[in-house]
Structures are given as structure tokens and as C-alpha cells.
Amino acid sequence: MTTPPPEADLLLLLAVVLPPRALDLLGPVVDERFVATAYGEIGPLALRRSPGGRGVWVQPYSGLPSRTDPRSTLLAARALGVQRVLNWDTAIALNPLLSRGQPVIVADYIDFVRHQPHTFFESEGITGIHQSPPVCPQMSEALALALPMAAGGVYVGVDGPRRETAAEARMFRQWGGDLLGYNLVPEIALAGEVELCYAGVTTVTDGSADRLPFPARGEMRAGLELVLEALPRFVELLSAPATCVCAERLNAPRKGGLLANDWWKREQT
Ligand SMILES: [Zn+2]
């Protein structure tokens, strides 16, 4: 196995269905890998690279209960030399202002997943209570620049394959959730544990169960194209090395058994 080029530091977890060849705008596939981890094998991961451009690893992703242990995805990313993971997910709109096809950048999340491994506790050096930014600030800023029309929203992660009930949808909305989805959690928390940057962008597919179903009038195709066409700019905006706080917290001094995590204080100054 050869060492991946160091400039391929982004992994795109693709939980949307795209037309064939849609990802060619990131360049042709120049490499394919399977990566074995302690939690199972991941692959094939495809490396795409446009001539003179940066490399992007791409992995189709599903939040179905049958998916490989989510910990394996994050460890595979690390094994490939990836520092940043972008999850492009479809989501159900809890917020009545969101409509079908609309791109939404994940600003924060609520973890309501109960049936997936959610921590590396006592492996990968994870032993204490810790806190990390909900999403990578540098990646989210690049998403906002590449997708200026996108709103920001709070993502509620739930287990599939059952859809939410109307009562659950009302509860999640009262909690402050804007979106509901199956693919971003617990991966986003696991990434925080192993010091990877993680960000999420979603395309709204449907309204929540307490609302009338959205009519389908081609909004999905247009919405997916918006995100797709923004990806090359997003990749280019991240050509500078990571200067965010995602990878710093585990080096922070401990206080009373807890990590003295002050990333949020530093961001205020
Ligand atoms: Zn980061």
C-alpha cells in the first residue's frame, strides 16, 4: 500500500444519491482503497483529483442500522491521512421555514441515537469527559462561503429505519431542532474524540411527520446541484492547513478529572 498524497486531507461522506458522473467535477478517480480497522473494513474509498487540484476521498454512506460500525469510518479517515470529514446528508425538516431541496449547514446537533457505538472510550487514548466544538468552525465557515444561500440549523440525529412520529417531531422542534437525520450522529462525536475536523451539510428531502408531505416538483435535483457545484470552491477554500481548535482539546491541561477545555473562551477573544 502506497502512502496517500498529503494534500488529500478531506473525506466526503456521501449520504445522498447523485446521478452517475456527478462527482467528476472533483476530478477523476485516481485511487481506490479498502482500509481495515479494529471495528471492521471500510471501502472502497475513492480518491478523486482534478489536474493540479487537491485530492478528495469519497465514501458513499448510509445511516441504516446495518452500516459498518461508525468508529471504523473515522479510523479509516485517520489511516488515510485525512484531517477533515464533510458529511453531506439528506434531512427531514422540523423547522417549518425549511423546504424541499434547501441546503442547510449543520451548526450544532442533538444526539438522540441509541443503538450505535457512540464513543472510543478506553481506546484511542479516550479516558475522560471531554468537550469539542459541535462542528469544525473552519470547515463550516468554508461551507458558508461556498453556499451563501444556505441556512444554518440544528440537526437531531436519530436511529433509522423508522421515521419519526408526529409527536416526536413536535418534541424535537421544541428542543430547538431544525433538521432530523440518520447519518451524522454519532460520527460527528466520534470524530471529535479522535481529533478530526467534522462538518455537515444537508439537503432537505421532506417535512416532518407533523406536517403535510412536501410535493415533489424537481426541487431535490436543483437542491443537490447547488451543493454539488459548491464542492470545488469548498475544497479550494480549505487548501490552507487547519488552524481550528478541533485537534487541540486533548492536549489541554486536566482540571479535577475533566479536561479544561476552553476552546469557546478562546473564540470569544
Ligand atoms: Zn476543525
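**Confidence**

I looked up pLDDT, the predictor's confidence in each residue from 0 to 100. The chain averages 88, and 90% of the residues score at least 70. This is a predicted model: local features need pLDDT of at least 70, side-chain atom pairs count only at pLDDT 80 or more, and totals for chains, interfaces and linings use all residues. Residues are numbered from 1 along each chain as its sequence is written.

A contact means C-beta atoms, placed from the backbone, within 7 Å.

**Make-up**

I found six helices and eleven strands in the chain. These are DSSP runs, numbered from the N terminus: H or I of at least four residues for helices, E of at least two for strands. Of the 269 residues, 41% count as buried (20 or more other C-beta atoms within 10 Å of the residue's own, C-beta atoms being placed from the backbone). Among contacts between residues at least 6 apart in sequence, 82% join residues at least 24 apart.

**Helix 2 and helix 5**

How do the axes of helix 2 and helix 5 cross? The axes of helix 2 (residues 137–146) and helix 5 (residues 219–237) come within 9 Å and cross at roughly 140°. I noted that axes are lines fitted to C-alpha atoms over the stretch in contact, with angles from 0 to 180 degrees between N-to-C directions. The contact uses Ala142, Leu143, Leu145 and Ala146 of helix 2 and Ala230, Arg233, Phe234 and Leu237 of helix 5.

Definitions and conventions
Two residues are in contact if their C-beta atoms, placed from the backbone, lie within 7 Å. A residue is buried if 20 or more other C-beta atoms lie within 10 Å of its own, exposed if 12 or fewer, and partly exposed in between; C-beta atoms are placed from the backbone.
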